[in-house]
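Please read the numbered points with the sequence and the model in view.

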Amino acid sequence: EYVIDVNWTAEEPIVYAREVRIKNGYDKYLRFLDTTDRITLAVYEFIQAVHASYPKMMTGIFHIQLIENPAGELFFVEYSKRISGTSIVNQFRGFNPFDTLASIETPIYKGDFANNNVWYRYEDFIINLNRIRQ
């Protein structure tokens with residue numbers, strides 16, 4: 001499964017994509033996808049296409065969920081204008097949707113944690129949250 005948080009509060013959308021593995025109903029493991037990943041690029045193309053036809057639909061802060069079958073085909077699961085429940089992990093990438101809504105800049109974490117294409121436990125982000133504001 002893929003969860004993609006989008007910040008489209010400026011001219012162009014910023015896409016924060018991650019792959020997740022669910023256990024007991026929540027995102028147990030995740031890995032950030034970089035801006036050149038095929039999933040990130042596909043979502044960017046998708047939201048641009050929707051925006052071209054429905055410009056008010058995909059603006060602001062929202063998220064999209066996708067799943068992938070064994071053949072590599074992507075399927076759309078959900079689009080929601082709400083903030084995703086696990087979007088807190090994006091603070092390590094400089095995006096906190098609550099800061100954005102309050103017009104506050106989120107600091108970008110500079111460290112050796114929360115790298116692209118590395119699997120992490122969701123709990124690792126909760127444990128390390130105090131490090132991003134230092």
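Which residues does Arg 31 touch, not counting residues up to four places away in sequence? Point 3 takes up this question.

1. Basis of the note. The model is a predicted one, in which local features need pLDDT of at least 70 and side-chain atom pairs count only at pLDDT 80 or more, while totals for chains, interfaces and linings use all residues. Residues are numbered from 1 along each chain as its sequence is written, and side-chain values use heavy atoms, with hydrogens and water left out.

2. The sheet. Six strands form an open sheet in the order β5-β4-β1-β2-β3-β6, with antiparallel pairing. Its edge strands are β5 and β6, each of which pairs on one side only. Strands here are DSSP runs (E, at least two residues), as are helices (H or I, at least four residues), and both are numbered from the N terminus. Two strands are said to pair if DSSP finds at least two bridges between them. In general, the strands of a sheet pair through backbone hydrogen bonds, either parallel or antiparallel.

3. Arg 31. This residue belongs to strand β3, residues 26-32. The residues that Arg 31 touches, leaving out those up to four places away in sequence, are Ala 17, Arg 18, Glu 19, Asn 117, Val 118 and Trp 119; contact means heavy atoms within 4.5 Å. Two polar contacts are made by the side chain of Arg 31: one with the side chain of Glu 19 at 2.7 Å, and one with the side chain of Asn 117 at 2.9 Å. A polar contact is a pair of N or O atoms within 3.5 Å; within protein, one must be able to donate a hydrogen and the other to accept it, and residues adjacent in sequence count only if both atoms are side-chain atoms. Arg 31 counts as buried because its relative accessibility is 18% (buried is under 20% relative accessible area, exposed over 50%, and partly exposed in between, with a 1.4 Å probe and protein chains only).

4. Strand β1 (residues 2-8) pairs with strand β2 (residues 14-23) in the antiparallel sense over six bridges, and Val 3 has Arg 18 in β2 as its bridge partner. Five residues lie between β1 and β2 in the hairpin that they form. The antiparallel pairing of β2 with β3 also runs over six bridges, with Arg 21 standing opposite Tyr 29 in β3. Between β2 and β3 the hairpin has two residues, and Asn 24 in the turn shows a positive phi of about 55°.

5. Strand β4, residues 60-68, is joined to β5 by antiparallel pairing over six bridges. Bridge partners in β5 include Glu 78 for Gln 65 and Tyr 79 for Ile 64. The hairpin of β4 and β5 has five residues between the strands, and Gly 72 in its turn has a positive phi of about 85°.

6. Phe 62: is this residue buried or exposed? Phe 62, found in strand β4, is buried because its relative accessible area is 1%. Beyond residues up to four places away in sequence, Phe 62 touches Ile 4, Asp 5, Val 6, Trp 8, Ile 47, Tyr 79, Ser 80, Lys 81 and Arg 82.

7. Val 77. Strand β5 (residues 74-80) holds Val 77. Val 77 is partly exposed, since its relative accessible area is 45%. Together with Ile 67 and Phe 75, Val 77 makes a nonpolar surface patch of about 240 Å². Such a patch is made of residues with over 30% relative accessible area and no salt bridge; like charges are joined within 9 Å, and nonpolar side chains (Val, Leu, Ile, Met, Phe, Trp, Tyr) within 5 Å. Accessible areas come from the Shrake-Rupley method with a 1.4 Å probe, and for residues only the protein chains shown count as cover. A salt bridge is a side-chain nitrogen of Lys or Arg within 4 Å of a carboxyl oxygen of Asp or Glu.

8. Thr 106 is buried, as its relative accessible area is 7%. The side chain of Thr 106 forms a polar contact of 2.8 Å with the side chain of Asp 99 and reaches the backbone nitrogen of Asn 96 at 3.3 Å. Ile 108 is in contact with Arg 93 and Gly 94, leaving aside its neighbours within four places in sequence.
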